[in-house]
Amino acid sequence: MTTNARDDTSTFADLGLRPELVNALSALGYEEPTPVQREAIPPLLDGRDLLGQAPTGTGKTAAFALPVLQRLPAGRADREPIALVLVPTRELAVQVSEAIHRYGHALGARVLPIYGGQPIGRQLNALERGVDVVVATPGRALDHLVRGTLALHGVQVVVLDEADEMLDMGFSEDIEAILKEIPEQRQTVLFSATIPPRIDLMTRSHLRNPVRIEIGREAAAPGEAPLVRQRAYIVPAPHKAAALGRVLDVEAPEAALVFCRRRVEVDELTETLNGRGYRAEALHGGMDQQQRDRVMGRLRSGAADLIVATDVAARGLDIGELTHVVNYDVPSSPESYVHRIGRVGRAGRGGVAITLVQPREHRLLKAIERVTKQPIVVEKLPTIADLRARQLELTRAALHESILEDELDRFRVVVEPLAEEFDLMDIALAAVKLAHEASGAAADEEEIPEARPAPDDGRQRAERGAQRARTAPGGVTRVFIGAGRTSGIRPQDVVGAIAGESRLSGRDIGAIEIADRFTLVEVPDSAADEVIAALRGSTIKGRKPTVRRERYEPGARRR
Ligand code: AMP
């Protein structure tokens, strides 16, 4: 972070937020601000403009939403919004408005998402009744402006969220037109995962002397990186608990620390894990030292094998016996990741760090890799077959150990009479079966659907009604072309441009997905660089659109 004045233990109240907001956050189970919140909230409360480089998963939504809500007068009844948040996609519009609604519930905040694809009538009624915060995609916001149904002259704060995505999707002109309608005496906030030159330009023309913050700027000091095998699984939110269970069943850790973001998740997950036969203990920020000591004692004595904790609760714990650290949520900053996984792999003992990542959080994972300068291998979740194989392996290992311990004589009375009647192999197989079943090896598991880390988070597709030709197989790279249907691009133009400029033929080209403002095309990994270079050097339909690797490459670094 560029401004690093605030110490790491500040609370939401320390940041200057009003009590209604502090209470709402506490009820949601947020124990402390994330780094981006710690850095962004105070200057935003002071009315400063801000440029934040932070991907999804860092807590950036609350970082801009809370200062907006701080401005709301109690019982505000005016019709026109005081804040406008522009986002690239409909999913994000819904998600951001839900978050603002949750934070601002006690203040009676009226939040309205507006996006294409939803009947405009409903939006008109809500605008008519009056709103405080509008969260909109640029296209639909402009439609409302043109119709005269959205008035922006009362807007005090404008937020451009995921600004790089908005520019990539061709929203630049729409954004410019919208900003012209907002009074100059406003606060302008821009969040972007990356800061390419066009974002820089936008910042210079629309932000006044902005505070700049950046997540994950500091690289980990050399020698700091612990000896830990790092792995990640891409899992959509609804499957996370099942996925964690599966991973733990396969890993069978001796002592693991599982980190969650929020207190409520700690409770829920502890319950779920106990229901699955693990001996899990919850560790809360609110617990006193005695309670914490008791929990730790259970882990040390082997009476518990998992501790589920928030960062705050786990601070200061010294657990020498840990074999695994699991991030049930991606930590909100690379520093926090380094801190968490540093709890295993001490004194050269090695250890395992596992992170569950939601498809839309993959950029944060990349930011973490950049800082730690260590790869985090994205793996496929173990299947039921993997799990069964692993469980049999564990049973075999347990039997092996038991044979070596050589205290088996007292069981002769069982085996010898059976041996008169049955083959020794059959007796052994039956004994193994009983031992295996008694170990609690799960039999009625359900397969967890494989998550495709949607390169566009599945968002643009939903918003723009893109067509999907085929599903990408492994070994392909998706190439993003910043022009789509509205520029008249057709599949044959894409095939023509690639086949004409590279050594690929039409047959080598995979699925082509044409949305209104961009196109995604799958090409073999081995030819991706060549195709990108060729397309950058050529024009498509008379235009020179942005061409780049899609940010998440499904084929890369997977098992
Ligand atoms: P965002 O980066 O805004 O998409 O936020 C990522 C997730 O972090 C969301 O699920 C939030 O509910 C959660 N979150 C945001 N701030 C905090 C916090 N201070 N403590 C715990 N969770 C948080």
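Colleague: Which side chain does D174 meet in a salt bridge?

Modeller: First, the ground rules. This is a predicted model, where local features need pLDDT of at least 70, side-chain atom pairs count only at pLDDT 80 or more, and totals for chains, interfaces and linings use all residues. Residues are numbered from 1 along each chain as its sequence is written, and side-chain values use heavy atoms, leaving out hydrogens and water. A salt bridge is a side-chain nitrogen of Lys or Arg within 4 Å of a carboxyl oxygen of Asp or Glu. D174 meets R517, at 3.5 Å, N to O. D174 sits in helix α8 (residues 172–180) and R517 in the loop between β16 (512–514) and β17 (519–524), so the pair ties together parts 343 residues apart in sequence. Helices (H or I, at least four residues) and strands (E, at least two) are DSSP runs, numbered from the N terminus.

Colleague: Is D174 buried or exposed?

Modeller: Buried means under 20% relative accessible area, exposed over 50%, and partly exposed in between (1.4 Å probe, protein chains only). D174 is buried, at 13%. R517 is partly exposed, at 21%.

Colleague: How many salt bridges does the whole structure have?

Modeller: A search finds 31. In one of them, D132 and R110 meet at 2.8 Å, N to O. D132 lies in the loop between α5 (120–129) and β4 (133–136), and R110 in the loop between α4 (90–104) and β3 (111–114), so this pair links parts 22 residues apart in sequence. D132 is buried, with a relative accessible area of 1%.

Colleague: What about a bridge inside one helix?

Modeller: Take E437 and K433, at 3.8 Å, N to O. They are four residues apart in helix α18, which means about one helical turn separates them. E437 is partly exposed, at 47%, and so is K433, at 49%.

Colleague: Which residues form the nonpolar patch on the surface?

Modeller: Patches take residues with over 30% relative accessible area and no salt bridge; like charges are joined within 9 Å, nonpolar side chains (Val, Leu, Ile, Met, Phe, Trp, Tyr) within 5 Å. Here they are I403, L408, F411, V413, V414, V415, L418, F422 and L424, with about 790 Å² of accessible area together. Such areas come from the Shrake-Rupley method with a 1.4 Å probe; for residues, only the protein chains shown count as cover. α17 gives the most, four residues. L408 lies in the loop between α16 and α17. L408 counts as partly exposed because its relative accessibility is 34%.
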